[in-house]
Amino acid sequence: MAILSDYTEDQENNNSPSSLSFNAVLDPSKPLEFIESAFNFVSQNSDMFKTGSVEKKIASLVKNIKERIMKEEAAKKEQEKKEKEEKENKKLTPNKANGLDMEDHSWGQNLQEVTVTIPVPQGTKSRDVLYDVKTNYLKVGLKGQAPIVDGLLFEAVKPSDSYWSLEDQKVISVLLTKCDKTNWWKSLLKGGPEIDTQKAEPEPSKLSDLDMETRSTVEKMMFDQRQKQLGLPTSQEIENQDMLKKFMAQNPNFNFGNSKMM
């Protein structure tokens, strides 16, 4: 509710005609009450509402304010779009293993597993290796030294189905089994550099080795990826179009004037 204080004349440091102060509190849920209070104040203390052009002036003011708001909203959306594009552009192209090569390790993935490869000094023994894996956490390195990989995993894994090995006494290899076998990881660890998963490529030669559910998911992802690159509708959008066409055929008298086919 708008609250008005008594207005006062202020002539102490002003030689111009007396001016009146207007104080009010705006209740955002009742903006019209605030405007009405302001108009009442003006009508009581000026001849503005006695002129014939007052409606046009107010309408022009409202129009200008609406145009300003629309411009601000358009500028905000453009900025958000720009920031989104910049974020997308910062995503890195995945390596051949659909992961990323880092300074002191590399990682790769398929839909079932994530692999981590860490070079270590020649002659490293198994007893020197530091390894700790939990559902959402991984630490790997050499005992007595700062961990090489240490942080929260991008997504959950199955610790009981994950393991490490030491190859030729110079490379630590870690295999992590994903809990969710339908998504590509954008990063090995949360907060780490992200890859562009749209560029991840499952090996076609291995599709036949997948179970039916996983294979169906992979093929759908590959189809949707190609469709997006060509600017064509994805499988979900095609399904929505077919459903709408079927509904239209079954309901010929329905008004589809405001309907959109997604």
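## Helix α3

Helix α3 comprises 18 residues and reaches 26 Å from its first C-alpha to its last, close to the 26 Å expected at 1.5 Å a residue, where the expected span is 1.5 Å times one less than the number of residues. Helices (H or I, at least four residues) and strands (E, at least two) are DSSP runs, numbered from the N terminus. Just after α3, G231 takes a positive phi of about 70°.

The buried residues of α3 are T214, V218, D224, Q225 and Q227, with buried meaning under 20% relative accessible area, exposed over 50%, and partly exposed in between (1.4 Å probe, protein chains only). What covers these buried residues includes α4 (235–250). D224, placed in α3 (residues 212–229), has a relative accessible area of 12% and is therefore buried. Leaving aside residues up to four places away in sequence, D224 touches T234 and S235, a contact being heavy atoms within 4.5 Å.

## Basis and confidence of the model

This is a predicted model, in which local features need pLDDT of at least 70 and side-chain atom pairs count only at pLDDT 80 or more, while totals for chains, interfaces and linings use all residues. Residues are numbered from 1 along each chain as its sequence is written, and side-chain values use heavy atoms, with hydrogens and water left out.

The chain has a mean pLDDT of 85, and 85% of its residues reach 70 or more; pLDDT is the predictor's confidence in each residue, from 0 to 100. Over residues 6–15 pLDDT stays under 50, and for this stretch the model has 11 contacts beyond four places in sequence. Where pLDDT is low, the predicted coordinates should not be read in detail.

## The open sheet

An open sheet of 5 strands runs in the order β5-β6-β7-β12-β11, with antiparallel pairing. Because β5 (100–101) and β11 (163–167) stand at the edges, each with a single partner strand, one side of each is left without a neighbour in the sheet.

The partner of β11 is β12 (residues 171–177), and the two pair in the antiparallel sense over 5 bridges; strands count as paired if DSSP finds at least two bridges between them. Within this pairing, W164 has V174 of β12 as its bridge partner.

## G141 in strand β9

G141 lies in strand β9 (residues 137–142) and, at 0% relative accessibility, counts as buried. Beyond four places in sequence, G141 touches D128, V129, L130, P147, I148 and I172. G141 and V120, 21 residues apart in sequence, are 8.5 Å apart in space, C-alpha to C-alpha.
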